[in-house]
Amino acid sequence: MERKLGDPKIRYQILESTNEFVLGSLKERKFNEGTIVIAGFQTHGEGMGENRWESEKDKNLLLSLVLKPVFLEPAHQFYLNKFASLAVYDFVKHVLPDKNVTVKWPNDVYIDDKKVAGILINNTIIGKHFEYVVLGIGLNINQKTFKSDAPNPVSLIHHTNKELNLEECLQSLLHYLNSRYEQLKVEKSQSLDGDYLNVLYRYQNWSEFKTENRTFKGRITGITEYGQLQIEEESGKTQEYDFKTVEFSG
Ligand code: BTN
């Protein structure tokens with residue numbers, strides 16, 4: 001049976017982490033595709049790499065969406081980053097149509113130079129197929145101040161200047177997740193490639209980058225099919241970078 005993303009919704013006031021909750025439950029229970037687990041607060045919200053995700057109680061959206069994308073080869077898993085970040089982008093752009101909303105590679109959503117949402121994808125693979133994909137989304141909605149040393153957080157309320165209803169935000173976000181997931185399933189990805197590049201932060205703009213051992217001027221010219229960032233340098237040479245091996249400097 002074809003299920004809508006967001007059905008069922010499993011809600012908790014407090015969890016360690018919605019992603020960890022789903023991953024840790026997989027031994028005892030099965031989840032249908034489309035299930036979302038939502039928490040009002042996380043005691044150990046996880047970000048990418050070693051980072052933590054800060055979120056005040058009941059101020060923001062913290063959720064994990066369970067997917068079983070049997071149609072997608074694990075080698076092409078970057079399409080999960082694309083569809084999810086575009087859905088979050090769509091939602092933020094819908095709330096703030098006049099703002100400069102972008103997706104910062106690989107899957108942060110930005111308003112100007114500040115991060116409004118982050119995505120953490122965990123998956124389990126059996127043989128050549130995904131068994132489960134756990135797509136965690138943290139979306140800052142009504143939190144006004146941030147305590148952690150996260151470099152540049154922002155919330156929607158900083159731009160709307162009024163509190164937003166979290167339930168309405170969730171419904172709207174689910175609408176965009178459903179429609180981008182259909183795009184991924186039906187069109188298999190090609191149109192997502194263009195849509196992703198169209199909203200990519202600093203795409204084609206000459207910028208300063210840094211790697212572990214040097215800084216250089218370059219511009220993003222594309223994304224490989226495996227999700228690596230392609231950066232062209234002033235010399236005309238283009239190189240491909242894995243996540244965490246390059247970042248904007250300044
Ligand atoms: C990042 O940008 O570093 C990714 C942040 C992802 C945060 C969300 S909040 C809901 C889900 N549960 C977690 O522990 N992390 C993700």
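Okay, housekeeping. Since the model is predicted, local features need pLDDT of at least 70 and side-chain atom pairs count only at pLDDT 80 or more, while totals for chains, interfaces and linings use all residues. Residues are numbered from 1 along each chain as its sequence is written, and side-chain values use heavy atoms, with hydrogens and water left out.

So, the ligand. There are 19 residues around it, and the closest are Ser17, Gln42, Glu46, Met48 and Lys115; to count, a residue needs a heavy atom within 4 Å of the molecule. By class, that shell has seven nonpolar, nine polar and three charged residues. For the classes, Ala, Val, Leu, Ile, Met, Phe, Trp, Tyr, Cys and Pro are nonpolar, Asp, Glu, Lys and Arg are charged, and the others, Gly among them, are polar.

What do the ligand's nitrogen atoms touch? I'm using N or O pairs within 3.5 Å as polar contacts. With Glu46 it's a backbone N or O atom, 2.7 Å from a nitrogen of the ligand. And how much of the ligand is buried by the protein? Taken alone it exposes 420 Å², and the protein buries 99% of that (Shrake-Rupley areas, 1.4 Å probe).

Which elements build the shell? Those giving two or more residues are helix 1 (18-25), strand 3 (61-67), strand 6 (114-126) and strand 7 (129-139). Strand 6 has the largest share, four residues. Helices and strands here are DSSP runs: H or I of at least four residues, and E of at least two.

Next, aromatics. The structure has ten aromatic pairs, meaning ring centres within 6.5 Å; planes under 30 degrees apart are stacked, over 60 edge-to-face, the rest tilted. Phe216 and Tyr241 make a stacked one, at 6.1 Å centre to centre with 20° between the planes. Phe216 is in strand 9 (residues 215-223) and Tyr241 in strand 11 (residues 238-241), so this pair ties together parts 25 residues apart in sequence.

Last, backbone details to look at on screen. The Asp7 to Pro8 peptide bond is cis, omega near 0°, and Pro8 is in the segment before strand 1 (9-15). Trp105 and Pro106 are also joined by a cis bond, omega about 0°, with Pro106 in the loop between strand 4 (101-104) and strand 5 (108-111). Finally, Asp58 isn't a glycine, yet it has a positive phi of about 55°; look for Asp58 in the loop between strand 2 (36-42) and strand 3.

Methods. Polar contact = N/O pair within 3.5 Å; in protein donor to acceptor, adjacent residues only side chain to side chain. Phe/Tyr/Trp six-rings, centres within 6.5 Å; stacked < 30°, edge-to-face > 60°.
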